[in-house]
Amino acid sequence: CNKKHAKKAEKAELQRAPSSTEEDDGDLVIANLPAMDTFSRNDQPNNSGAAGALKTGVGASPRLLNTTVCVPIVYGSIAFFLGKKADEYHTHRWTLYVRSPNGEDLSTGISKVVFQLHPSFPQPVRELTAPPFEVTEKGWGEFEATIRIVWRDPGEKATVLTHGIKLYPPGLTQITPATTSKEPVVHEFYDEVVFTDPTEAFHRQLMRSSVLPRIQSHEPTVQENFPTYADEEDFKALLAAQKFLEDELRDVKDRIMKADMAREEIEEALRVAATAKASSSQSGGKSGSSSGKGGGSGGKTKSSGGGGTASKKSKASH
């Protein structure tokens, strides 16, 4: 995505994926884990008493039971096309990084970050012990890098990330100076590393990140293209989603009401038609019954009259 897209949450390529696994060396491996809310706090009360702390060894800092600390991190890359300065082996300048979503100093909890680049680069393993944790290089091809985050508490497993460095916008089928985007290609992921029952010392270190000065990239063009993660934007998105749902619910209710009215009208029309049909059948039945009675009476009278006359004639002839 380009610079404009990177600053819009709906178009920024902020992708998320499945769960973490553990390697044989005990490192915690994350492959684009699902993102959660941006916060860093204790989910449970901090029980600092005897019942709320657990020592892991002689002289070790006690662990805080029922305490969870979530450290939000962002890792990714930003690539810039070199344009006229590009050559066969150097078409882009890119920066690979691990940072805080809002610029907090991650070094309160991170001891070092080790970047494993493609073997074709000089010194493909880069180790940084101070922020900003980033590596800037020039190259011509996309590849997958490994990022290993070592925490300040030796008892915590290192976090290993894999990240594909993207040089070209999604869907680009032909790579030429004319088709290559002049805007930076931002490809980053947001995640949280969760520490359950951390030691008191490590907990204090992690809580210091919010009071230290903000960290910025060594590369101004990289800094200005970092996507932002603010509660205000999330709140606006939630409000927009709520309004959308309310509008949809209102529309559905209107359609249900109209459907009920149409159903009642149809049922009423069917009742009227059934009543009219029943009335018509009853009227036809009564009319047929009356006609039958009148014909029988006339025939009887005629027959009786004829018989009487014949009888009288017979008597007269005698």
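The points below review a predicted model of a single protein chain.

1. **Confidence overall.** The protein chain averages a pLDDT of 76, and 66% of its residues score at least 70. Where pLDDT is low, the predicted coordinates should not be read in detail.

2. **Overall composition.** The secondary structure comes to 4 helices and 12 strands. Of the 318 residues, 31% count as buried. Among contacts with a separation of 6 or more, 67% join residues 24 or more positions apart. The accessible surface comes to about 19,800 Å², with 55% of it belonging to carbon and sulfur atoms.

3. **The largest nonpolar core.** This core has 31 residues, and those with the most contacts inside it are Trp-94, Val-98, Phe-115, Ile-147 and Ile-149. Two or more residues each come from strands S5 (68-81), S6 (92-99), S7 (110-116), S9 (133-139), S10 (143-151), S11 (159-165) and S12 (185-196), and from helix H2 (200-207). In soluble globular proteins, nonpolar side chains tend to be buried together.

4. **The second core.** A separate core of 9 residues includes Val-74, Phe-80, Phe-226 and Tyr-229. Val-74 is also in contact with Val-98, a residue of the largest core.

5. **Surroundings of Val-98.** Leaving aside its neighbours within four places in sequence, Val-98 is in contact with Val-74, Tyr-75, Leu-106, Val-113, Phe-115, Phe-133, Ile-147 and Ile-149. Three of these partners, Phe-115, Ile-147 and Ile-149, are listed with Val-98 among the residues with the most contacts inside the largest core.

6. **Strand pairing around S7.** S7 pairs with S10 in the antiparallel sense over 6 bridges. Within this pairing, Ile-110 has Trp-151 as its bridge partner, and Phe-115 stands opposite Ile-147. S7 also pairs with S8, again in the antiparallel sense, over 4 bridges; there, Val-113 has Leu-128 as its bridge partner.

7. **Strand pairing of S10 and S11.** S10 and S11 pair in the antiparallel sense over 7 bridges. In this pairing, Thr-146 stands opposite Thr-162.

8. **Arg-99, a buried charged side chain to inspect.** Arg-99 lies in strand S6. Its relative accessible area is 11%, under the 20% limit, so Arg-99 counts as buried. The side chain of Arg-99 makes a polar contact with the side chain of Glu-188, at 3.1 Å. Leaving aside neighbours within four places in sequence, Arg-99 is in contact with Ile-73, Val-74, Leu-106, Glu-188, Phe-226, Pro-227 and Tyr-229.

9. **His-187.** His-187 lies in strand S12. With a relative accessible area of 5%, His-187 is buried. A polar atom of the His-187 side chain lies 2.8 Å from the backbone oxygen of Gly-164.

10. **A cis peptide bond.** Pro-131 and Pro-132 are joined by a cis peptide bond, with omega about 0°. Pro-132 is placed in the loop between strand S8 (125-128) and S9. Most residues other than glycine have a negative phi, and most peptide bonds are trans.

11. **Positive phi values.** Asn-66 has a positive phi, near 60°; Asn-66 is in the loop between strand S4 (63-64) and S5 and is partly exposed, with a relative accessible area of 48%. Gln-123 has a positive phi, near 50°, and is in the loop between S7 and S8. At 63% relative accessibility, Gln-123 counts as exposed.

Note on methods:
Residues numbered from 1 in each chain as written. Predicted model: local features only at pLDDT ≥ 70, side-chain atom pairs only at ≥ 80, totals over all residues. Heavy atoms only, no water. Core = buried A, V, L, I, M, F, W, Y, C linked by side-chain atoms within 4.5 Å. Buried < 20%, exposed > 50% of the residue type's maximum accessible area, 1.4 Å probe, protein only. Contact = heavy atoms within 4.5 Å. Pairing = 2+ DSSP bridges. pLDDT = per-residue confidence, 0-100. Areas by Shrake-Rupley, 256 points an atom, 1.4 Å probe, with all protein chains shown as cover. Polar contact = N/O pair within 3.5 Å; in protein donor to acceptor, adjacent residues only side chain to side chain.
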